[in-house]
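My entries follow the display.

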Amino acid sequence: MATKKKQYGFIRKLIDKITTSASNNMSFPFYRHLVELSSGTRGYVSVTIYNTEDRYEGEMADFSFDYWTHELHIWFGESDALIEKIISAFKSIYSPQDVKVSIDEEEQD
């Protein structure tokens with residue numbers, strides 16, 4: 001029996017919530033995942049998505065976004081499919097040619 005691939009259907013809704021959030025410093029449950037936002041400035045957010053609502057179950061993704069320059073940096077993503085979902089969600093909110101993407105290749109092994 002083939003294993004079912006994760007679809008990450010909630011990512012687009014999550015990115016919508018993150019980019020419209022009044023605060024860049026909070027944590028909240030979202031579709032059975034804990035999401036943590038942290039920031040030192042209004043124009044930047046660092047996001048960690050955990051595998052479950054328990055942070056000790058491991059991370060699914062870790063990325064940051066600069067609202068002023070539209071720079072998306074992905075520190076970690078559990079799969080290429082998830083990374084692509086995150087990138088396409090930001091590109092659907094902001095102009096695709098305006099979003100600058102960088103990926104920390106060392107974390108992707």
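These notes go from the sheet to the helices and then to the rings.

**Ground rules.** I am working with a predicted model, where local features need pLDDT of at least 70, side-chain atom pairs count only at pLDDT 80 or more, and totals for chains, interfaces and linings use all residues. Residues are numbered from 1 along each chain as its sequence is written, and side-chain values use heavy atoms, with hydrogens and water left out.

**Sheet.** I took helices (H or I, at least four residues) and strands (E, at least two) as DSSP runs, numbered from the N terminus. I counted two strands as paired if DSSP finds at least two bridges between them. Six strands form an open sheet in the order 1-2-3-4-5-6, with mixed pairing. Strand 1 (26-30) and strand 6 (100-103) are the edges, and each pairs on one side only. From one strand to the next, the twist averages 20°.

I found six bridges between strand 4 and strand 5, which run antiparallel. Asp66 has Glu71 in strand 5 as its bridge partner. The hairpin of these two strands has four residues between them, and His70 there takes a positive phi near 60°. Strand 5 (residues 71-77) and strand 6 run parallel, joined by four bridges. Leu72 stands opposite Val101 in strand 6.

**Helices on the sheet.** I used contact to mean heavy atoms within 4.5 Å. Axes are lines fitted to C-alpha atoms, for helices over the stretch in contact, and angles run from 0 to 180 degrees between N-to-C directions. Helix 1 (residues 11-20) packs on the sheet and touches strand 1, strand 2 (33-38), strand 3 (44-50) and strand 4 (59-66). Its direction makes about 155° with that of strand 1. Helix 2 (residues 80-93) also packs on the sheet, touching strand 4, strand 5 and strand 6. The direction of helix 2 makes about 160° with that of strand 5.

**Helix against helix.** How do helix 1 and helix 2 cross? Their axes come within 9 Å and cross at roughly 50°. Among the residues that meet are Ile15 in helix 1 and Phe90 in helix 2.

**Rings.** I paired rings of Phe, Tyr and Trp (its six-membered ring) if their centres lie within 6.5 Å; planes under 30 degrees apart count as stacked, over 60 as edge-to-face and the rest as tilted. That gave seven aromatic pairs. Phe10 and Tyr31 have ring centres 6.2 Å apart and planes at 20°, so I logged the pair as stacked. Phe10 lies in the segment before helix 1 and Tyr31 in the loop between strand 1 and strand 2, so the pair ties together parts 21 residues apart in sequence.
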